[in-house]
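Take a moment to look it over, and then we can go through the bridges together.

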Amino acid sequence: MRRTAIKGLALVAAVSLSAAACSSSKAKPSSGNSSTGSGKVRTLVVEDKPVASFTNDFNPFDGNSFVGQENAISLFYEPLYQFNTLNSAQAPIPWLASNYTWSNGNKTLTFTLKSGVKWSDGQPFTSDDVAFTFTLLKNFKAANTNGTPVPDSVTTTDPQTVVLNYSSPQAANFQAIANQIIVSKHKWSGITNPDKAVVTGADTVGTGPFVLDNFTPQNITLKANTTFRDGAPAVKKISFPAYADNNAATLALANGDIDLTGNDINDVLNTFVAKSKDNQLFQSTAPYFPASNTVSLLLNEKSANAPALADVAVRKAISAALDRTSMATQCETNYELPASSSGGLTLPIDQKSLAPAQTNDLKPGPDPDSVTSLLTADGYTKNSSGKWTKNGATIKFTIIDPNSFTDYWCDAEAMVKQLNSVGFDIKDNGAFDYNSWNTAITTGNYDAALHWGQGTTPFQRLQFILDSSLSAPAGQTAAGDFGQYKSSAADAAIAAFEGATTDADQSTALNTLQGVFSSDVPAVPVLYGAAWYEFSTANFTGWPTSANPFVNPSPRSQDYEYLILKLTPKP
């Protein structure tokens, strides 16, 4: 997932014609052959984030590649199962696999694969490809960008059966395992350093519904994979245009040039919905977007530039100083509501898993008295400049967020003012693009950053912050725990949840994790992050809405594939 904010159409009039030229594709019907019978092919135009230009890299293990940036991975490389994360009661959706079973105390996971699946180059998809992928993740930790649990061993009993053997119970992590995308053994076995390799669109071999049609730095088009197992998709062509900045993307939205996007648009009813009867949102009432993650201020406890962040009292004081309501209102236009629980879960979707002790325990506004109490008890005093000081050092750190993420940048600037007003010594730095910011966070080269949550279950959301096994030494790419947090209590509760055999045991472990999150504050919950989603019905029908929430519509590779395969071009 990612964040892009578009702050109103009033700025569009000042955008030059060159900005409009950033897109070489329109969401209007284009000439060609189509099974719709109209003689026209409708191109689905997807805008995921402002990017000045694309690089010809389709590596699914590199978060900075085109497919990683634009949430297009599963249009080429697919998972074993899909999941509707808006409905935890919905059963896993068979994808490359048709069945799964657990055995050996939930330490052995057996997948039965669908028959007749082929790679886009015509070679058969088999259990060897699944075994190869999980072995690759084990051998190249940096390629495991999602933190997928890797098996101790993998066996293939026949071309349609693959067995993953783990040293500990992993049923709690089934979604993370089954949602892992699979790559072809015959293509990737010859690739060294899979996390860094450049794989061009022309060299991409996948099982997904699309293949590369044409690449230019300003526009990438995909065409239907005619060998796709369920038949060529109804959407015959997809365009990913490059927009230099938010203003250019806003202009395209105003012109009706985009079918699917996931942006934070200021005053969305007037600046987007009111522009056309075809412009739609997930739901017609506020907050218009479903909550899907917890936006938190990540704190790097191992930062050499900010040693105070290793102090739990300081982290608690940071949380107490924040005015979450003002950020929700002024920076997020109330599309994202203030976090109300210190336990790290996402509300309301995690309400059933919410620990009683962490229910409504975060104040929506600042609590300066608690800041004073926490820091005074920790040995801090205020110096002549009004800054909290201990052993001659102030509580000094820098919050990094790209200023192109205008809502996050607004939040960052607000936090600087709020924290400094009660005696902290904080700065912000917005001189990042997405790639440099993401690299700084995942390699531990930062102090603090506002970041969306990861994971699609309550456990995964907490695991992303608390699981030290997802971390990596500074300079190496981590899959999670970007704050370098280490807690024996958290690790034990994670193991307990993974090994639980009853719902009651899982609930106990999950409550423990929320308690650890609350007491140690490895990250500061700030807002409940929206599943950003806007779409146009001008050219396609079948979109997910609150009346038909068949998939989480927010920008995520697997969700985008599932969503796009449900669309039907208008005649």
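Buried means under 20% relative accessible area, exposed means over 50%, and partly exposed lies in between, using a 1.4 Å probe and protein chains only. Please keep in mind that this is a predicted model, where local features need pLDDT of at least 70, side-chain atom pairs count only at pLDDT 80 or more, and totals for chains, interfaces and linings use all residues. Residues are numbered from 1 along each chain as its sequence is written, and side-chain values use heavy atoms, with hydrogens and water left out.

**The disulfide**

- A search of the whole structure turns up one disulfide (a pair of cysteine sulfur atoms within 2.5 Å).
- Its partners are C331 and C410, whose sulfur atoms sit 2.0 Å apart.
- C331 is in the loop between α9 (324-330) and β17 (337-338), while C410 belongs to helix α11 (residues 406-421), so the pair ties together parts that are 79 residues apart in sequence.
- Helices (H or I, at least four residues) and strands (E, at least two) are DSSP runs, numbered from the N terminus.
- The disulfide is left-handed because the torsion about the S-S bond of C331 and C410 is about -65°.
- C331 counts as buried because its relative accessibility is 2%, whereas C410, at 25%, counts as partly exposed.

- E78 has 0% relative accessibility, so E78 counts as buried.
- Another salt bridge pairs R461 with D350, with their closest N and O atoms 2.7 Å apart.
- Here too, distant parts of the chain are linked, 111 residues apart: R461 lies in helix α13 (residues 458-466), and D350 in the loop between β17 and α10 (368-377).
- Both R461 and D350 are buried.

**The K390 and D378 pair**

- The side chains of K390 and D378 also meet in a salt bridge, at 3.7 Å from N to O.
- K390 lies in strand β19 (residues 388-390) and D378 in the loop between α10 and β18 (381-382), so this pair ties together parts that are 12 residues apart in sequence.
- With a relative accessible area of 26%, K390 is partly exposed.

Note on methods: A salt bridge is a side-chain nitrogen of Lys or Arg within 4 Å of a carboxyl oxygen of Asp or Glu.
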